[in-house]
Amino acid sequence: MKENAVITIISITIIVLNMMMIIVLDIKNAIMMATMAEVTTVTMAEIMVATMAEVTAVVMAEITAATMAEVTAVVMAVITVVVKDVAAVGAGCFNLINN
């Protein structure tokens, strides 16, 4: 009878230890999943922030370049008109002086 009781106690102990191992593994897996989810979320957020910063920089550079090109074209056109007008006035004055 004592041998059966010892075998039963050992069997119950093994079952309890197996259950504890399963619980520990489940907890470990839950922690790993939560950690991976957190790392993925933070990484994706960082990638989005970096991407938005890059897009903003590129867009601002394009806007600045386009604006500067437009301003330069308008200023050059105005300067050309003014120079032509000044040249015409100068030519008119020259004609007045020579006549």
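This passage describes the overall form of a single predicted chain and then a few of its residues. Because the model is predicted, local features are reported only at pLDDT of at least 70 and side-chain atom pairs only at pLDDT 80 or more, whereas totals for chains, interfaces and linings use all residues. Residues are numbered from 1 along each chain as its sequence is written, and side-chain values use heavy atoms, with hydrogens and water left out.

The chain contains one helix and zero strands, where helices (H or I, at least four residues) and strands (E, at least two) are DSSP runs numbered from the N terminus. Its radius of gyration, taken over C-alpha atoms, is 42 Å, whereas a compact globule of 99 residues would have a value near 13 Å, according to the rule of 2.2 Å times the number of residues to the power 0.38. Along the principal axes, the C-alpha atoms fill a box of roughly 145 × 10 × 5 Å. Of the 99 residues, 0% count as buried, the classes being buried under 20% relative accessible area, exposed over 50% and partly exposed in between (1.4 Å probe, protein chains only). The chain exposes about 8,600 Å², of which carbon and sulfur atoms supply 79%, as given by the Shrake-Rupley method with a 1.4 Å probe, with only the protein chains shown counting as cover for residues.

Within helix H1, which spans residues 2-98, lies methionine 76, a partly exposed residue with a relative accessible area of 47%. Threonine 35 is also found in helix H1 and is partly exposed, at 39%; its side chain reaches the backbone oxygen of isoleucine 31 at 2.7 Å. Glutamate 54, likewise placed in helix H1, is exposed, with a relative accessible area of 52%. The C-alpha atoms of glutamate 54 and methionine 68, which are 14 residues apart along the chain, are separated by 21 Å.

Definitions and conventions. Polar contact = N/O pair within 3.5 Å; in protein donor to acceptor, adjacent residues only side chain to side chain.
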